[in-house]
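Hi everyone, thanks for coming. Let me put the structure up on the screen.

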Amino acid sequence: MSGFAGFALRRAMGAVITLLVISVIIYVVFYATPGNVAQITCGPRCSPEQVHQVAQQLKLDDPLYLRYWHFLEGILVGQDYSTGTSVAHCSAPCLGQSYQSDQQVTQIILAKLPVSLSLVVGAMVLWLLMGVGTGVLSAWRRGRFSERALTGLTLAGVSTPVFVIGLVLMIVICGQLELLPFPEYVSFTDDPEQWAWSLLLPWFTLALNEAAYFARLTRASMLETLAEDHIRTFRAYGVGERSLVGRHALRGALAPIIALNANDFGSAVGGAVLIETLFGLPGIGQELVHAVNVVDLPVVVGMVLVIGFFVVLANAVADVLYAVADRRVVLT
């Protein structure tokens, strides 16, 4: 097995172990807390019969480790649930059943996930283009007026709350200039063009805030790389500034950019609650807030697990991309 393949396999195994540890922590936090777990899971409006049914489904008489094993077994191979009059099968990966809507948690997540992924992937493309481009230009034009202006804009972007950016964009673009209608989410399968138009403002709202962080990080990494000995050697041999910045310095500054992007992408899948609420996007974040408000514990647990999965997956992919950018990582 080659060095790179072994490195990728180790990262994949590490990601699986991390996910297993996360699932244990989440299960213990939510299902081993003091109090009536069946009542909390079912909700405050459940009758005693419903609470008893939930207790049977959760097998609360079993030891905690055995209950966790049944939970993990449901994720891996599926699980059967008693509805009182019949038995319903939940196919793997089974994350439980909502006691508010009687839907399987997996189905709820699959219905909401495309919206959140559409928001985050589109915004990620924009924040990388704007943030990295601004950071490279700022480092290249160091000490000039354009560099100070770009630095001021990034500081303004970092300090401005994301909901303020969204409100200003809607007021100016949709209200005053009337360049776009007020966003109303349309599914990609229904109308791809309207889908893109409906997400344009949410993309820019999320991207403008994130791009400011990427611009500052890229500028700092570029300046550090440009001060290294090998860059000075290239410059002494007559290599042009554009080639130094684009081919050599930027590649050396990729590591922190990749790491930050992985963390932001994974977190934004479930963390863009303000964006989804502001623009009425029926995504993971908005559904998670609703589940917390109605104390729908299986939905909360399932969605937290999915968000954790995307964070771990994004960081594992980032490690592999980092190794592609710098082959020395494979040897460590």
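I'll talk about a salt bridge, and then about a pair of helices.

First, the ground rules: this is a predicted model, where local features need pLDDT of at least 70, side-chain atom pairs count only at pLDDT 80 or more, and totals for chains, interfaces and linings use all residues. Residues are numbered from 1 along each chain as its sequence is written, and side-chain values use heavy atoms, leaving out hydrogens and water.

So, how many salt bridges does the structure hold? There are 2, and by that I mean a side-chain nitrogen of Lys or Arg within 4 Å of a carboxyl oxygen of Asp or Glu. In one of them, Arg11 and Asp319 meet through their side chains at 3.4 Å, N to O. Those two sit 308 residues apart, Arg11 in helix H1 and Asp319 in helix H14, linking distant parts of the chain. Helices here are DSSP runs (H or I, at least four residues), numbered from the N terminus.

Now the helix pair. H5 (residues 105–140) packs with H13 (residues 284–293) at about 135°, and their axes are 8 Å apart. The axes are lines fitted to C-alpha atoms over the stretch in contact, with angles from 0 to 180 degrees between N-to-C directions. That makes H5 oblique to H13, as angles under 35 degrees are roughly parallel, over 145 roughly antiparallel, 65 to 115 roughly perpendicular, and the rest oblique. Who touches whom? In H5, Ile108 and Lys112 are among the residues that meet Ile284, Gly285 and Glu287 in H13, where contact means heavy atoms within 4.5 Å.
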